Amino acid sequence: MARPYYVTTPIYYVNDRPHIGHAYSTVAADVVSRYQRLRGNPTYFLTGLDEHGLKIERRAREEQLAPQDFVDRMAAPFRSAWEELDCAHDGFIRTTSAEHRQSVQAIWKMMKDRGDIYLDDYEDWYCVGCESFKTVKELLEGNLCAIHRTPVERIKERSYFFRLSNYTKPLLNHYEAHPDFVQPDARFNEVKSFVKEGLRDLSISRTSFRWGVPVLDDEEHVVYVWLDALTNYVSALGGPAPEGEAPLYDEFWTSAQTITHIVGKDILRFHAVYWPAFLLSAGVRVPSQIWAHGWLTVNGEKMSKSLGNFLPPGPLVEAFGADVLRYYLMREVGFGQDGDFSHRNLMARYNGELANGLGNLMNRIVASIVKRNLDGRVPSAGLDDLEDADRDLIDTAKAAAHEAAQHLEALAFHRALDTTWELVSAANKYVDSTEPWRLAKQGAKQRLEQVCYTVLETLRWLSIMLFPVMPNKCNELRGQIGMPPLLPTEGVDLWPSAWGGLRPGIETRAATPLFPRFDEAQERSILERLAVDSPGSDAK
Ligand code: ME8
C-alpha cells in the first residue's frame, strides 16, 4: 500500500549565505526522505527560499541591487550547498515565483471567504530580524527584541487582520486529537500554554513597503511575509487546488500519509499556531507533525553577525566529505536538543567511530582475510552450522535493524546511529573473539567461511541501515562487498530483515579504505585549514 510521505525544511531567508544551522535542518530532512524511499514509500522532499519581506528589501538596498536581482544572486549558494551535501530534494521553492504568488492569493481568498479577514488600524512593535510583531511583554528593557537584541520598530498603519482569536479553541482541539502534532513533547507543552492564554488577531498585511505578494483586490497592501512564507509548503505542490488539478498536491498534501515539517525551535510558533490556524480557516488539511529541533552553537559560541562566525558547510565538505559531515550532524546532538558543533569532536568521531569502528571492520575482513584466504569471494555458509557467537551477532543485527527503523520513523537520528554503532562494535568484537586469522592459519576452512560470511552479511545490513545518513559511503561499501548500489524503488521495502541476502561466490572488491585514519599531523593541518586554533581552543 502506498504511503506518501512529505518532508520539508524551513525556507531560508536569502539575506545571508547558508551556514551549518541551515545545513542541519536540510540534512535531517534528506535523511528522512532517503529512509522513507528505502522503505518503498512515495516521498517528496521540499526545501527552498524565503525571498520577500522588509529584511530582504533592506539587504538588497544595502547591496544597491533591485530586490529581485539580489534574491536571484543569493539563491545560487543555497542550491549548491545542498548539492554538495547530497541533499536530494525533489522541489526547491522560491517565494518570488509566479506560482507561489498565485497560491498565496488563493489561500488569502479562502480565508477571506470564510469571513476571517478584516481591515483595521494597527499599532504595535515589530522586529525586522524576526519579521514578527511583538507584545511589550516579549521585549527586553530599552525596547529590544529578546532574540536579536536589536531595537524593535513602532509600526502604525492600516492593515488586514486575520481572526486568529477565533482559532484558540479549534487549535486546542486539534492538539488534543493529535498528541504527536509537535515534537519534542516539551516544546508541544510550550505551544499549548501559549495558545491557552488566548490568541490575539494577527496583522497579515503591510503598506509601508512593497517587496511581497500584493493583496488580492487591494494592491496597496502586501501580504505579511510569514503568511506568504508558510504557504510555500502547499504552493510547491501546486496547491491549494481542487482535486485532480494538481497531482503532487493531491498525493503529498491532501492524501499524504504523513506530512512532516522540520523546523528550528526559533520558528515553532509560526508553524504550530499560525500555520494550522490559516489552514483550518482555509478548509485545507493540517500537516501531521511539526518537528522542532534544537539550536547549534559553533565551538561553544553562538553564531552571529557581530561575531562573524557563521560556519559555511562548504569547507567542511571539502575537508571531510559530505557523508562524514552528515554523519557528525546527525550523531553529535540528540535531535530536539540544543548542542554544539565542534571541529574537534567531529575529528574525534571520525577517527573513533568511522575509521576505527566501521572502516576497521571493513578492512580487517574484506581487504585482509577474505582477499588473502578466500580468493576474494563471498564464501558459502549454511545456517545449520551456526555457533553461538554467530547466532548472537545475527540476533544483534536483527534487533539493531528493527530498533534503528523505529528511531528513524521518529526522527531520533542520534538513537538510530547509536543502535547501529552497537552492531558495528558487536561485529568488531565478534572478529576479535572468533579470530579468523587464526582459523586461516589452522586451515579451519569451514569455520573461517562461516565467520567471514557472518561479517560480510553484517556489512551488507549496515550498508542499508546507514544509507539514509551516508549514501555515498554506503554504496562504496557495497561495491567492496560485491553488491550493486542501492536503488530505492517505490513499493519495494529494502530495509534488512531476512538474514542471508549476500550471495556466495560473488567477488568482493577491496579498495581504498572507506575512512582512512587521520594522524596527528593531518588533523592539525585540517584544523588549520578550517581556521580552528590550537587544541582545546574550541572547548570554551
Ligand atoms: O526563519 N542551529 O529563515 P532562516 C540550528 N524564512 N538550526 C538553525 C540555526 C542554528 N544555529 N540557525 C538556523 C526563517 N537554523 C524563515 C522560515 S519557513 C516557512 C520560513 C535553521 O533563514 C533552523 O531550521 O532564519 C531555523 O528554524 C532556520 O534555519 C531559520 O532560517
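Analyst: Let's start with a cluster: Tyr6, Tyr44, Tyr233, Phe252, Trp253 and Trp275 are linked by ring pairs. Rings of Phe, Tyr and Trp (its six-membered ring) pair if their centres lie within 6.5 Å; planes under 30 degrees apart count as stacked, over 60 as edge-to-face and the rest as tilted. A heads-up: this is a predicted model, where local features need pLDDT of at least 70 and side-chain atom pairs count only at pLDDT 80 or more, while totals for chains, interfaces and linings use all residues. Residues are numbered from 1 along each chain as its sequence is written, and side-chain values use heavy atoms, with hydrogens and water left out.

User: How many aromatic pairs does the structure hold?

Analyst: Such a pair is described by the distance of the centres and the angle of the planes. Going by that ring-pair rule, the number of aromatic pairs in the structure is 32.

User: Why is the pair of tyrosine 35 and tryptophan 495 edge-to-face?

Analyst: Tyrosine 35 sits in helix 1 and tryptophan 495 in the loop between helix 18 (471-480) and helix 19 (520-529), so the pair ties together parts 460 residues apart in sequence. Helices (H or I, at least four residues) and strands (E, at least two) are DSSP runs, numbered from the N terminus. The ring centres are 5.3 Å apart, and the pair is edge-to-face because the planes are at 80°.

User: Are tyrosine 35 and tryptophan 495 buried or exposed?

Analyst: Buried means under 20% relative accessible area, exposed over 50%, partly exposed in between (1.4 Å probe, protein chains only). Tyrosine 35 has 1% and tryptophan 495 has 7%. That makes tyrosine 35 buried, and tryptophan 495 is likewise buried.

User: What does the side chain of asparagine 232 reach at 2.7 Å?

Analyst: Asparagine 232 is in helix 8, and at 1% relative accessibility it counts as buried. Contact means heavy atoms within 4.5 Å, and beyond four places in sequence asparagine 232 touches Ile11, Leu46, Ile93 and His100. At 2.7 Å, its side chain reaches the backbone oxygen of alanine 229.

User: What separates the C-alpha atoms of leucine 514 and glutamate 476?

Analyst: Leucine 514 is in the loop between helix 18 and helix 19, and with 3% relative accessible area it is buried. Leaving aside neighbours within four places in sequence, leucine 514 is in contact with Met362, Lys473, Glu476, Leu477 and Gln480. Leucine 514 and glutamate 476 are 38 residues apart along the chain, and their C-alpha atoms are separated by 7.5 Å.

Note on methods:
Polar contact = N/O pair within 3.5 Å; in protein donor to acceptor, adjacent residues only side chain to side chain.
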